[in-house]
Amino acid sequence: MISRNELLEQLRDLGVREGGVLLVHMSYRAVRPIEGGPEGLIEALTDALGPEGTLAMPSATGDDDLPFDPAITANRDDLGIVADLFWRMPGVLRSPHFDAVSARGPRAEWITGGPFVLPPAAPDSAIDRIRRVGGQVLLLGVGHHANTMLHLAELVGGAPYRSDFHYVDARGTEVHYGENDSCCEKFELAQGWLLDAGLVRSGQVGHAEARLMDAEDLVRIAAEKVRADPLVFLHPADAGCEECDEARASL
């Protein structure tokens with residue numbers, strides 16, 4: 001069992017900035033057991049950021065066939081127990097976009113109150129606003145396949161592929177759009193790029209491997225790689241990856 005104070009020390013040693021903005025992707029199974037359970041982890045993250053800091057987590061729906069209501073629509077299952085708990089907590093704001101972000105702190109209203117954009121991680125999305133205010137990205141027990149900020153980097157870098165997705169608007173109308181999507185396995189390339197540049201910090205938080213980076217560094221470096229090779233995040237055509245093949249077929 002790791003105490004809340006130990007968690008706080010781990011987060012500070014890793015480099016979480018007091019007063020900053022922090023987007024967290026996590027697997028609670030990798031972090032546990034910790035004092036206070038999922039609530040204790042949220043408290044430790046909040047303490048590390050301090051009263052001037054803003055904590056954010058992904059909060060997207062898993063049901064594209066129903067209108068999204070930020071007050072009642074559940075998170076997608078793979079976002080985990082902590083993210084699903086966080087959006088329901090007092091003081092947490094949730095963006096009205098079906099690919100929502102939840103946030104609490106001084107920057108929460110601005111982050112979650114931006115325009116409705118498509119694809120969901122496009123410039124001026126909640127993800128982009130986290131980058132624009134100098135936010136950090138924390139991966140707890142998960143790899144870069146979960147790192148939503150890389151979808152923004154694809155768009156900034158000009159990745160040309162789009163897969164067919166849809167959502168249902170408030171009137172019940174099914175709306176189709178093109179999203180820069182793939183299996184995301186090759187997002188893990190970003191770890192090597194950041195390591196080569198000395199721009200990622202690794203350590204332990206709870207029992208999980210933790211990686212911390214500035215969102216701006218990540219987007220800048222990954223976008224440069226996409227400009228040099230627009231298909232860098234797709235598996236080769238002969239790899240048998242259905243999702244990457246769908247993206248490639250859109251070209």
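The largest cavity in this structure has a volume of about 30 Å³. The model is a predicted one, and a search through the whole of it turns up one cavity of 30 Å³ or more.

**The cavity**
- Its lining is made up of T61, D63, D64, L66, P67, F68, F98, Y167 and V168.
- Sorted by class, the residues lining the largest cavity are six nonpolar, one polar and two charged.

- In soluble globular proteins, nonpolar side chains tend to be buried together.
- The largest nonpolar core holds 39 residues, and those touching the most other members are I130, M149, L150, W193, M213, L218 and F233.
- Helix α9 (residues 215-228) supplies the largest share of this core, with six residues.
- Leaving aside residues up to four places away in sequence, L218 is in contact with N147, M149, L150, A190, L194 and M213.
- There is also a second, separate core of 33 residues, with I2, I34, M57 and L79 among them.

**Helix α3**
- How far apart are the end C-alpha atoms of helix α3 (residues 37-49)? They are 19 Å apart, which agrees with the 18 Å that its 13 residues should span at 1.5 Å a residue.
- The buried residues of α3 are G37, P38, G40, L41, I42, A44, L45, A48 and L49.
- An α-helix has 3.6 residues a turn, so residues three or four places apart point the same way.

Terms used:
Residues numbered from 1 in each chain as written. Predicted model: local features only at pLDDT ≥ 70, side-chain atom pairs only at ≥ 80, totals over all residues. Heavy atoms only, no water. Core = buried A, V, L, I, M, F, W, Y, C linked by side-chain atoms within 4.5 Å. Buried < 20%, exposed > 50% of the residue type's maximum accessible area, 1.4 Å probe, protein only. Helix = DSSP H or I, 4+ residues; strand = E, 2+ residues; numbered from the N terminus. Contact = heavy atoms within 4.5 Å. Expected span 1.5 Å × (residues − 1). 1 Å grid on protein atoms, 1.4 Å probe; cavity = no way out; pocket = protein on both sides within 12 Å on 5 of 7 lines; lining within 4 Å. Points joined across faces, edges and corners; volume = space filled by probe spheres on them. Nonpolar A, V, L, I, M, F, W, Y, C, P; charged D, E, K, R; others polar.
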